[in-house]
Amino acid sequence: MSDVIRAEGLRKRFGDTQALDGVDLTVRRGTVLGVLGPNGAGKTTAVRVLATLLKPDAGRAEVCGYDVVRDSVRVRAKIGLTGQYASVDEELTGTENLVMIARLLDFSRREARARAKELLARFSLTDAGGRAVKTYSGGMRRRLDLAASLINRPEVIYLDEPTTGLDPRARGEVWDTVREVVADGASVLLTTQYLEEADALADRIAVFDHGHVIAEGTSAELKARAGRQTLAVRAADLYRVEQLTTIVADLTGARPEVQAATGLVTAPIGDPAVLSAVVRRLDEAGLVAAELALRMPSLDEVFLTLTGHHAEPAATETVTEGSLV
Ligand SMILES: Nc1ncnc2c1ncn2[C@@H]1O[C@H](COP(=O)(O)OP(=O)(O)OP(=O)(O)O)[C@@H](O)[C@H]1O
Ligand SMILES: [Mg+2]
């Protein structure tokens with residue numbers, strides 16, 4: 001069987017909120033599915049259903065061929081879950097946390113210690129193993145959390161926003177460990193609000209919005225589906241960004257986005273010939289371009305095309321035409 005997860009028509013309602021509104025998903029063995037979506041899109045709810053923690057109102061899902069409702073015990077033996085919020089005990093040391101979880105999973109005392117040691121080494125936590133978790137950095141906690149979910153060597157691993165709140169270095173460390181786990185043959189369902197995380201780790205991406213999968217495919221497929229290429233141009237003289245924006249708007253007929261910090265002006269274009277027209281107009285205006293490119297849309301632009309809003313409102317500070325001073 002090549003699909004480790006197969007979900008069809010999952011629905012879940014909380015009061016007035018339709019958290020899942022007919023979700024179809026598949027995860028192929030040995031791959032990472034990235035579930036990408038803004039706050040409240042239904043990502044955690046989908047993970048909880050697939051992890052047998054929540055019964056769907058309708059629809060069905062199988063993990064490793066077992067039904068998540070009827071065969072939940074068998075499903076649980078196959079999966080590891082790292083929740084959105086750290087689940088390890090702050091007062092215990094890293095080693096004690098892992099040993100305790102291993103004991104709960106029926107490991108003998110000796111096996112539990114051996115497995116804890118192995119996982120701490122694997123996640124570069126050997127030196128920290130004897131320290132209380134409350135002294136760990138955010139990245140170390142996340143790695144310990146990930147280690148804890150791997151104790152019983154799960155075939156399928158759920159990672160719910162594994163790097164939210166981490167700095168770039170800690171995020172990179174978590175990404176490396178996820179890659180290792182996949183290299184070892186596990187399959188991963190990873191939720192994230194970060195487009196670059198889905199781009200970096202996921203073989204395929206399912207875009208969630210309002211409890212629906214609104215698009216599914218590889219990162220390249222999603223970008224191609226959004227279709228139009230993007231013109232990106234930056235003036236050498238940052239003070240002329242407004243003039244540049246007017247030219248780009250004029251030639252593309254689109255409403256350009258301006259990155260306040262860098263002065264980069266971007267706009268979707270339908271006709272690649274616009275590029276040479278832009279070059280001519282810049283020349284006429286005596287405007288020197290420090291950067292001028294045609295590129296495929298970023299995943300964020302894809303998200304914007306699909307949903308009408310950015311995936312990460314806080315991450316990219318953009319101002320629209322004319323509002324720059
Ligand atoms: N136990 C619950 N009771 C009531 N409403 C809930 C419950 N769990 C989730 N919801 C609602 O269902 C919707 C989907 O929530 P969910 O946690 O699945 O979103 P999410 O995509 O994981 O968001 P985030 O990125 O913020 O973690 C939200 O509107 C949320 O408020
Ligand atoms: Mg969530």
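Some notes to go with the model, starting with a term: a residue is buried when its relative accessible area is under 20%, exposed when over 50%, and partly exposed in between, using a 1.4 Å probe on protein chains only.

1. **Basis.** This is a predicted model, in which local features need pLDDT of at least 70 and side-chain atom pairs count only at pLDDT 80 or more, while totals for chains, interfaces and linings use all residues. Residues are numbered from 1 along each chain as its sequence is written, and side-chain values use heavy atoms, with hydrogens and water left out.

2. **Thr-45.** This residue sits in helix 1 (residues 43-50); helices here are DSSP runs of H or I with at least four residues, strands are runs of E with at least two, and both are numbered from the N terminus. Thr-45 counts as buried because its relative accessibility is 12%. Beyond residues up to four places away in sequence, Thr-45 touches Lys-12, Phe-14, Ala-19, Leu-20 and Leu-54, where contact means heavy atoms within 4.5 Å.

3. Strand 1 (residues 3-14) runs antiparallel to strand 2 (residues 17-28), with 9 bridges between them; pairing requires at least two DSSP bridges. Leu-10 has Val-23 of strand 2 as its bridge partner. The two strands form a hairpin with 2 residues between them, and Gly-15 in the turn has a positive phi of about 55°.

4. **Nonpolar cores.** A core here is a set of buried Ala, Val, Leu, Ile, Met, Phe, Trp, Tyr and Cys residues joined through side-chain atoms within 4.5 Å. The largest has 46 residues, and Leu-98, Leu-125, Leu-144 and Ile-205 touch the most other members. Helix 6 (residues 168-183) gives this core its largest share, 6 residues. Another core, of 28 residues, lies apart from it and includes Ala-51, Leu-54, Val-156 and Phe-208.

5. **The cavity.** Searching the whole structure turns up 1 cavity of 30 Å³ or more. A cavity is a set of points on a 1 Å grid over the protein atoms alone where a 1.4 Å probe fits but cannot get out, and lining residues have an atom within 4 Å of a point. The largest cavity holds about 30 Å³ of space, and its lining includes Thr-31, Leu-33 and Arg-204. Strand 2 provides the largest share of that lining, 3 residues.

6. **Domains.** The domain assignment, which is automatic or from a database, gives domain 1 (3-78 + 154-224) and domain 2 (228-296). Taken over C-alpha atoms, the centres of domain 1 and domain 2 are 38 Å apart.

Key: Chains lettered and ligands numbered in written order. 1 Å grid on protein atoms, 1.4 Å probe; cavity = no way out; pocket = protein on both sides within 12 Å on 5 of 7 lines; lining within 4 Å. Points joined across faces, edges and corners; volume = space filled by probe spheres on them.
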